[in-house]
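Trainee: I should like to learn how to read the features of a structure, one at a time. May we begin with the terms for accessibility?

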Amino acid sequence: MSSFDFPVLNGVIPSWADIQVRVSPLGGTVIEIGDISALSGGPTVEGGRQMEGGRTIKRTQGSVTYECSMTLYSSGWHKMIRGLVAQAPLRGNQRLLSLAVFNIGVLWTPVGSDDIFERRYKGCRILGATQDSAEGNDAQQIEVPIDVLEIADFVDGVEIVLL
């Protein structure tokens with residue numbers, strides 16, 4: 001495998017520095033979060049099968065599931081909380097952050113390109129916020145698992161989903 005087998009544009013491949021992430025609470029103001037260490041997720045299709053004599057003879061359309069998680073620096077986590085708190089239902093004097101619904105938009109353009117790549121995580125809810133503190137010089141991070149209803153990519157103005 002040569003180095004030319006990977007997507008390269010003018011000798012530069014897309015990197016994390018090329019990515020812009022926006023969190024859009026439903027009914028709220030867009031939150032620009034730049035303090036993200038990682039964002040991962042994607043769809044998985046599980047197809048069903050009709051078997052006969054130990055062999056597959058037909059398959060079903062199947063069903064799709066989605067996964068998503070973000071790793072935020074402490075400052076990014078607090079930006080996200082402040083942006084979602086107005087949309088979180090109130091119970092007594094507590095805001096129920098995990099019930100605030102939002103979308104995540106990810107845009108990136110590799111250096112020297114005119115292409116804009118876009119992925120949207122739709123109908124998101126926070127499922128947790130794990131803070132693992134450790135001695136050292138690295139910035140504090142919060143792992144945020146997210147429940148997502150749909151993930152779509154956009155190519156030439158067309159919304160693309162797996163199922």
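Mentor: We begin with a definition: a residue is buried under 20% relative accessible area, exposed over 50%, and partly exposed in between, with a 1.4 Å probe and protein chains only. In this structure, R120 counts as partly exposed, at 34% relative accessibility. This is a predicted model, in which local features need pLDDT of at least 70 and side-chain atom pairs count only at pLDDT 80 or more, while totals for chains, interfaces and linings use all residues. Residues are numbered from 1 along each chain as its sequence is written, and side-chain values use heavy atoms, with hydrogens and water left out.

Trainee: What does the chain average in pLDDT, and where does pLDDT stay under 50?

Mentor: The term pLDDT denotes the predictor's confidence in each residue, from 0 to 100. Here the chain averages 89, and 91% of the residues score at least 70. The value stays under 50 over residues 1-7. For that stretch the model has 4 contacts beyond four places in sequence, where a contact means heavy atoms within 4.5 Å. Where pLDDT is low, the predicted coordinates should not be read in detail.

Trainee: How many salt bridges does the structure hold?

Mentor: A salt bridge is a side-chain nitrogen of Lys or Arg within 4 Å of a carboxyl oxygen of Asp or Glu. The structure holds 6 of them. In one, the side chains of D35 and K79 meet at 3.1 Å, N to O. D35 lies in the loop between β2 (31-32) and β3 (36-46) and K79 in helix α1 (residues 74-84), so this pair ties together parts that are 44 residues apart in sequence. Helices (H or I, at least four residues) and strands (E, at least two) are DSSP runs, numbered from the N terminus. K79 is partly exposed, with a relative accessible area of 33%.

Trainee: Which parts does the salt bridge between R119 and D153 tie together?

Mentor: The closest N and O atoms of R119 and D153 are 2.8 Å apart. R119 lies in strand β10 (residues 117-126) and D153 in strand β13, so the pair ties together parts that are 34 residues apart in sequence. D153 has a relative accessible area of 25% and is partly exposed. The side chains of E118 and R120 also meet in a salt bridge, at 2.7 Å from N to O. E118 counts as partly exposed, at 21% relative accessibility. Finally, a network of salt bridges links K122, E150 and E159.

Trainee: How far apart in space are F117 and F154?

Mentor: Sequence separation and spatial separation are to be read side by side. F117 and F154 are 37 residues apart in sequence and 7.0 Å apart in space, C-alpha to C-alpha. F117 lies in strand β10 and is partly exposed, with a relative accessible area of 36%. Not counting residues up to four places away in sequence, F117 touches V106, L107, W108 and P110.
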